[in-house]
Amino acid sequence: MSGHSKWATIKRQKARVDSAKGKVFARISREIIVAARSGVPDPAGNFQLRTAIEKAKAASIPSENIERAIAKGAGLSGGGSELEAIRYEGYGIGGVAILIEALTDNRNRTAADLREAFSKNGGNLGEMGCVGWMFDEKGVCTVRGSIDEEKLLEASLEAEAESYELISIDEDNEGAEVFTTVANLETLSDILKQKGFQVSQSETRWIPSMTVEMDNPEKARSLLKLMDALEDLDDVQSVTANFEMAEELMLLIC
């Protein structure tokens, strides 16, 4: 596998069961709450909120749930205002670096849950900064559909994107990921849409500057179990790691 985010590629290849849908709903709802709280509660003037709402609609979250989350973030109803964003860092088996982004109303609970997930799956929760230096935060626009690479290159240059990669989103859909600075993400998203591309998601993502090759089946299985355990925690929004894994091995252990 090649690309800017090996774990993002691996996650696309992993089938997610329907029972996880409730957790997806909760995770995206928290994103909406925080986005509405940190800016105006109107998606027209709040790019972070607008992209969170787009993500919610793509996940088939009902409109009333979206509106309820916006109201919580705006302080128009109870709850939501105490959520804070925290980044945690740690190590998986084989020295793999792992970054976790969480939204929580109880730091102690979240840290305890993470520490337990790490310790049960061969990893260690570390101090802030222990692995963060191995990652760069980038803005990423995911484009779905058949890609005219010449047009994509032209749009990327106009939007001052840093790079792009053609990807397989799933068995039936191809697409591309276009990378830029975090500050330029909204501009990139707008220009891609103006050029007729179907932007399915605009997000910030941690991109590893160095990677670890995972080629032992047992270690790979343990590492994926840790990643799943971290992602399944209620307060966790995203998990990023710096390992590579051959597609053949991925198919073998999943």
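Strands E1 (residues 84-91) and E3 pair in the antiparallel sense over two bridges. Strands here are DSSP runs (E, at least two residues), helices are DSSP runs (H or I, at least four), and both are numbered from the N terminus. Two strands pair if DSSP finds at least two bridges between them. The model is predicted: local features need pLDDT of at least 70, side-chain atom pairs count only at pLDDT 80 or more, and totals for chains, interfaces and linings use all residues. Residues are numbered from 1 along each chain as its sequence is written, and side-chain values use heavy atoms, leaving out hydrogens and water.

**The sheet**
- Four strands form an open sheet in the order E3-E1-E2-E9, with antiparallel pairing.
- Its edge strands are E3 (124-125) and E9 (236-241), each pairing on one side only.
- Gly90 has Leu125 of E3 as its bridge partner.

**Helices on the sheet**
- Helix H5 (residues 107-120) lies across E1, E2 (97-104), E3 and E9, at about 25 degrees to E1.
- Helix H8 (residues 217-231) lies across E2 and E9, at about 160 degrees to E9.
- Axes are lines fitted to C-alpha atoms, for helices over the stretch in contact, and angles run from 0 to 180 degrees between N-to-C directions.

**Helix against helix**
- H5 and H8 pack at about 165 degrees, with their axes 9 Å apart.
- That makes H5 roughly antiparallel to H8 (an angle over 145 degrees).
- Leu114, Ala117 and Phe118 of H5 meet Leu226, Ala229 and Leu230 of H8 (contact means heavy atoms within 4.5 Å).

Technical notes:
Parallel < 35°, antiparallel > 145°, perpendicular 65-115°, else oblique.
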